[in-house]
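Please look at the structure before reading on.

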Amino acid sequence: MKLPRLKGGTSLWIGGTLVGVAILVAIAAPLIAHTDPVLDANLMNAEIPPGEEFWFGTDAQGRDIYSRIVYGSRISLTVGVVSQLLNSLIGISLGLTAGYWGGWWDDFVSGLTNMMLAIPSLIFALAIMAILGPGLPSLVIALGLTAWSYSCRLTRAQVLSLKSQGYIQAARILGYGDLRIMFTQILPNILGPLIVIATLGMGTAILAEAALSFLGLGIRPPFPSWGSMLSEARDQITTAPWLSVFPGLAIFLTVLGLNLLGDGLRDGLDPQSTTRRA
Amino acid sequence: MLPVLARRLANVIPTLVAVIALVFLLFSVLPGSFISGMGEDGRTTIDPQVMERMRKEMGLDDPLPERFAKYIAHTATGDLGTSFRTHEPVTTLIGVRVWPSLKLVFGAMCFAILVGVPLGFLAALRPGSLIDTASMVGAISGLSLSQFWLGLMLMYLFALQLKWLPSFGYGDGGIQHLILPAVALGVGPMALLARTTRAAVLDVLNADFVRTARSKGMSEPRVVKWHVMRNALVLVITTIGLQFGSLMGAAVVVEKLFAWPGVGSLLIDSVFQRDIPTVQGCILLIVTFFLVINTLVDIAYVAIDPRIRYGR
Amino acid sequence: MSAALLKVEDMRIALAGDGTTYNAVENVSFEIGRGEAFGLVGESGCGKSISALAVMGLLRQPLSLAGGRILLDGQEIQHASPAEMRRLRGKRIGMIFQEPMTALNPLSPVGRQIAEMFVLHQGAGWSEAMDRAEEALRQVRVPSPERRIKDYPHQLSGGMRQRVMIAIALACGPDLLIADEPTTALDVTVQAEIIDLMRELCAANGTAILMISHDLGLVANMCRRVAVMYAGRIVEAQQADAIFATPRHPYTQGLVNSLPRLGERSKHGRQRLREISGVVPSIQSYPGGCRFNPRCPSVTDVCRSTSPDVTALPADGLVRCHHHG
């Protein structure tokens, strides 16, 4: 598949940089963090405001916030990437098969999609987390099960419009199997928009993780997910406001980067997009 | 117009039933039930025989399909079951929470529409200008904010530091208590509406019929008023309808943060307490509400776009 | 000849893109007299449509009017303020476009869209304007106008929508009607009706017509004088019958020759349709020298190096060619 000329402009650059920084931080965490995020808890250092020794201050257990945020990036990015992979996998498979084979399977998938779209995704994720219990694996599964409808709809629509195209029918006549057609002929043509959906979805997943952890259903303390840090910080808002600022800022910058990147990709891949500078 | 409506409503019911079924199925798999939960705090022990009897009373031992059928039948008559926790009817429990939730959701949406739509309009009418860039930067930032973090920051600034507004709670129901939660909840939809409106208006401004309008000698403001607005409205209304869905999801979190006595916080509490009938009732209510909103959006379409009314 | 109604002198339209500016259209000059039907012919992409938009002041970024003069009734309008241009549009110059479906507001009844003209330019009230809209529909021969004024564009056929557009454009009795490919999107049978309608109404009101089309036959039939455009320049202009009988520019000759004619087979036997080889160059890659040189059957070295000057022809004609016939 030929990579189209990317013209996303500023969004692409800023977004790419932010996301790039987040990825680097996550990979290099052991090198750039100052302490172990979970174990280095010294009550003597409890609730120290940001300063020379502790760049972002410390929390109620005396843990260094800076190090926790650095390690937290690993959790956030893992959640974002893996859940979106799952979403895309489910969405693409359902969309491809529903559009291509049609019939009762298509009706079933469409009904399923309608049902998913009727439930606010956070609430659905909430319900699944309630069943699976807190923790990273359950979180990834829960988020991976909630947002597949977008990629499913897109894929299905594209399949329907491409199905009648000449080269698809030619492939059929040549005896290509259905699966082969789906993966080699149709999929490459819709990869662009799917990547955009996945990128934007990562941002949503990270925000959802934060929300769920805040509610107590996501990552539980002492693990340093940015969301669980925020949930711990809430009660100390008056005494130690910095506890709330930094995790939130980290979330904001990462999601902003993903949104800008997604936007830039979308503009770069679709010359008629109107979200770009007019 | 009526057949269009009837068809829409006919679609809603199966979706609703499917959702109830899903929720039912999910929660029947819930490890640990309320009953066993009652004995889990370690301090009290419940006689197994009593537990047995409670299970029988609550019908928890009946086969799944039977329980489901009973649930549907009861729901159709407005009986959502009895709370495991308080033994009150679920409808009563939820009923008292509906109004605060509605206030919050509509308050947030009003904020989002009143700020987001005009902003998007202005940005589209002056593309590339300062106001365009500023609003779009603001919009994408608004979309990247964690809503409860925003709420927390707002709470810190306006309630705890400046002491202008109460920091949490419903209070006497006055607007003071509504402001912070509604703004925190509404920023996300506002951002999306600003972007969508801008895109819709730009699209329309480039349309052929707008060129015709200009060729008639119409001034730009007139063109916007007579030709652009209505056409851009369709896309904007769709977005508003869809936003209600994510709004209600986020409302759960905002309600918990601000200790707002709505359906969302009830849902969360019930999940933790394994109060399944209440959980099911809350979800049912939220989904129904969302479906109703979407149906209203469809009706609005029909009113605005004659192509749907007189069908082609 | 009486003073020209519309006089375009040396018009240049610039296209801004990719860091440089291209001249989409240059050195374009023509005149249209009062009540005269004038045709502008060329293939897609030759710049005829944007020339018309330039006259109306409707060019939008990245296109802009970069040079030349446009005079309406002796008054220069190329630098007119937006407010002045608005006064002209609709009132003194009307325009109809190619795609009637998308050219009308889908959410507004057609009667209202016609009535807008009366409200805008003649200060009429809405109910009076609607009555006059009904009358306008009658004039363009739409059956049952009293019902049709309440219809929406999607409820009308393509031909009827174009009649509505004509009604809108002629509503305030303009001096000039610009028609940009008005029949291209219509069925052949309807095309003739629309052309006849336009001709009649304009003749009755003394309205001049600037007819833009790629169809040389159509234009020659309807217009008194015809100009042929290629790659942003006018390459030939003559009286309509002359341009058919004695085309002077190789491009025009190619166009005339490519028209299939009835009865040729019995005369000459079976023959291939004649075409002009090659394709129209894009604005960014206009050839040097004479822009037609890559496709010209009579090309020589001078054509590739030097851009030809304009040679005057009898009866206010002109041709731009080193080797004109």
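Which strands of chain C does helix α1 (residues 48–56) lie across, and at about what angle does α1 run to β1(C)? In this predicted model, α1 of chain C lies across β1 (6–17), β2 and β4, and its direction is at about 110° to β1(C).

**Sheet of chain C**
- The sheet is open and has four strands, in the order β2-β1-β4-β5, with antiparallel pairing.
- At its edges are β2 (20–32) and β5 (75–76) of chain C, each of which pairs on one side only.
- Strand β4 (residues 63–72) of chain C runs antiparallel to β5(C), and two bridges join them.
- C:Leu72 has C:Gln75 in β5(C) as its bridge partner.

**Contact between chains A and B**
- Chain A contributes 37 residues and chain B contributes 41 residues.
- On the side of chain A that touches chain B, α4 (103–118), α5 (121–132), α9 (178–215) and α11 (242–269) of chain A each supply at least two residues.
- The most comes from α11(A), with nine residues.
- By residue class, this side of chain A has 24 nonpolar, 10 polar and three charged residues.

**Contact between chains C and B**
- Here 24 residues come from chain C and 19 residues from chain B.
- On the side of chain C that touches chain B, two or more residues come from each of α2 (82–88), α3 (100–103) and α4 (110–122) of chain C.
- α4(C) gives the most to this side, with four residues.
- The residues on this side of chain C divide into 12 nonpolar, six polar and six charged.

Notes:
Residues are numbered from 1 along each chain as its sequence is written. Chains are lettered from A and ligands numbered from 1 in the order in which they are written. This is a predicted model: local features need pLDDT of at least 70, side-chain atom pairs count only at pLDDT 80 or more; totals for chains, interfaces and linings use all residues. Two strands pair if DSSP finds at least two bridges between them. Two residues are in contact if their C-beta atoms, placed from the backbone, lie within 7 Å. Axes are lines fitted to C-alpha atoms, for helices over the stretch in contact, and angles run from 0 to 180 degrees between N-to-C directions. Ala, Val, Leu, Ile, Met, Phe, Trp, Tyr, Cys and Pro count as nonpolar, Asp, Glu, Lys and Arg as charged, and the others, Gly among them, as polar.
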